Each structure stands twice: as C-alpha cells, then as structure tokens.
Amino acid sequence: MVRTADRLQRTASWVEQYDGGLDAIRAVVLDDSLGIADELDAAMSAHVASYRDEWAATLADPAKLAQFVSFINDPDSPDPSLAYVSERGQRRPATGDERAVLVAGPTLEVRG
C-alpha cells in the first residue's frame with residue numbers, strides 16, 4: 001500500500017484515491033487479493049529485526065547527547081532566546097506572536 005501512495009500523503013486522502021477504495025484495500029490486506037502477503041510479512045520482519053531507536057541511542061551516547069545542550073561552553077545555562085507557553089497542561093515552544101507578549105512566563109502571580 002505504501003508503495004502506491006505519494007510521499008508524505010495522508011492515509012485518508014490515499015484511501016479516497018485508491019482504485020476500489022476501502023473495499024479493495026480490505027481485500028488486499030485480509031484476503032491477499034494481490035498475492036503479496038508473504039512479501040509484506042518478510043519486509044515487516046526485516047524492518048523489525050533491523051529497527052534502531054535513534055533517540056534511545058542518542059541518550060546512551062554522551063557525545064551525541066552533549067549536542068543537545070544550550071551552550072557547549074556552559075551546558076548548565078538555559079538558552080535565553082527560548083520561550084515556552086502552557087497549552088492543555090503541556091509545555092510547548094512559544095510562537096513569535098506569543099513571544100512578543102510573554103513577560104513573566106506562562107503564568108503570572110496574583111496578589112490579593
């Protein structure tokens with residue numbers, strides 16, 4: 001299936017454009033109508049066997065991990081040009097417009 005999609009094409013638009021639509025896809029996946037199930041199983045097995053988690057490898061390699069500090073000469077100092085806001089209970093980078101009004105962080109102290 002991935003072989004018939006455009007690069008980075010969303011699944012929903014691919015299904016809409018696939019000849020025969022969802023019924024044809026169902027026949028390929030469940031009924032092996034193209035006779036490619038063994039080939040796809042072998043490709044999946046090869047992928048699983050060779051899979052490497054790049055982020056875990058980076059965390060395990062001090063030299064690579066050192067590239068993710070704000071400043072090489074002072075790794076304990078945060079980059080002052082980075083700004084974050086809270087959205088749905090999670091921290092995310094602030095957009096340019098949000099940076100312009102971000103004065104004291106994502107929350108302000110309220111004094112009564």
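Tutor: Helices (H or I, at least four residues) and strands (E, at least two) are DSSP runs, numbered from the N terminus, and two strands pair if DSSP finds at least two bridges between them. This is a predicted model, in which local features need pLDDT of at least 70, side-chain atom pairs count only at pLDDT 80 or more, and totals for chains, interfaces and linings use all residues. Residues are numbered from 1 along each chain as its sequence is written, and side-chain values use heavy atoms, with hydrogens and water left out.

Student: How many bridges join strand β1 to strand β2?

Tutor: Strand β1 covers residues 84–87 and strand β2 residues 90–93. The two run antiparallel, and the number of bridges joining them is 4.

Student: In the hairpin of β1 and β2, which residue takes a positive phi?

Tutor: The hairpin has 2 residues between the strands. Glu87 has Gln90 in β2 as its bridge partner. The residue with a positive phi, near 50°, is Arg88.

Student: Within what arc do the buried residues of α2 fall?

Tutor: Buried means under 20% relative accessible area, exposed over 50%, and partly exposed in between (1.4 Å probe, protein chains only). In helix α2 (residues 21–31), the buried residues are Gly21, Ile25 and Val28. Seen down the axis, they line one face of the helix, because the directions from the axis to their C-beta atoms fall within an arc of 60°.

Student: Is Trp55 buried or exposed?

Tutor: Trp55 is found in helix α4, residues 54–60. Because its relative accessibility is 59%, Trp55 counts as exposed.
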